[in-house]
Amino acid sequence: MNKPKILIVDDESGFTRLIKIALRKYEIREENDSLRALDVAREFHPDLIVLDVIMPGLDGGDVAAAIRVDPKLRHTPIIFLTATVSPKEAGTEPKLIGGYPFLAKPVSPAALEKCIEENLRL
């Protein structure tokens with residue numbers, strides 16, 4: 001059986017490597033350059049995209065907007081990650097940024113996996 005394909009876009013390479021190691025049940029592709037995120041998504045065809053909100057170059061909102069107008073990617077679920085809100089401030093109830101679910105950093109691999117499972121469309 002094929003593993004679900006997850007694209008993680010975050011400028012912190014240590015974070016993306018950690019997630020790739022921790023979430024072995026998925027085929028994960030890391031991208032640490034937001035300017036390349038759309039091209040990588042087109043090539044990789046992910047089942048879900050995890051986007052950092054604040055990145056140099058393009059922010060997560062810019063990347064999400066480009067994904068939404070791409071005919072091949074527009075239905076791909078997106079989860080935002082942000083350090084602008086702490087996990088305590090975010091609380092435990094599901095939250096949205098621009099209509100997309102988000103998780104506050106630092107996020108545990110278990111919390112990220114739970115959110116991925118809830119939003120994954122197979």
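A residue is termed buried when its relative accessible area is under 20%. By this criterion, both Phe 80 and Tyr 100 are buried in the structure, which is a predicted model.

These two residues also form an aromatic pair, and a search of the whole structure finds one such pair. The ring centres of Phe 80 and Tyr 100 are 5.3 Å apart and the ring planes stand at 90°, so the arrangement is edge-to-face; the cut-off for this class is an angle over 60 degrees. Phe 80 belongs to strand E4, which covers residues 78–82, whereas Tyr 100 belongs to strand E6, which covers residues 100–104. The pair therefore ties together parts that are 20 residues apart in sequence.

Aromatic rings are also involved in two arrangements with lysine. Lys 5 is placed over the face of Phe 44, at a distance of 4.8 Å from the ring centre. In the other case, the charged end of Lys 105 sits over the ring of Phe 15, and the distance to the centre of that ring is 5.0 Å.

A further position examined was Arg 74, located in the loop that runs between helix H3 (60–69) and E4. The relative accessible area of Arg 74 is 40%; because this value falls between the limits of 20% and 50%, the residue is classed as partly exposed. When neighbours within four places in sequence are left aside, Arg 74 is in contact with Ile 67 and Arg 68. Between Arg 74 and Ala 64, which are ten residues apart in sequence, the C-alpha to C-alpha distance is 9.0 Å.

Terms used
Residues are numbered from 1 along each chain as its sequence is written. This is a predicted model: local features need pLDDT of at least 70, side-chain atom pairs count only at pLDDT 80 or more; totals for chains, interfaces and linings use all residues. Side-chain values use heavy atoms; hydrogens and water are left out. Rings of Phe, Tyr and Trp (its six-membered ring) pair if their centres lie within 6.5 Å; planes under 30 degrees apart count as stacked, over 60 as edge-to-face and the rest as tilted. Helices (H or I, at least four residues) and strands (E, at least two) are DSSP runs, numbered from the N terminus. Buried means under 20% relative accessible area, exposed over 50%, partly exposed in between (1.4 Å probe, protein chains only). A charge sits over a ring if NZ of Lys or CZ of Arg is within 6 Å of the ring centre and within 35 degrees of the ring normal. Contact means heavy atoms within 4.5 Å.
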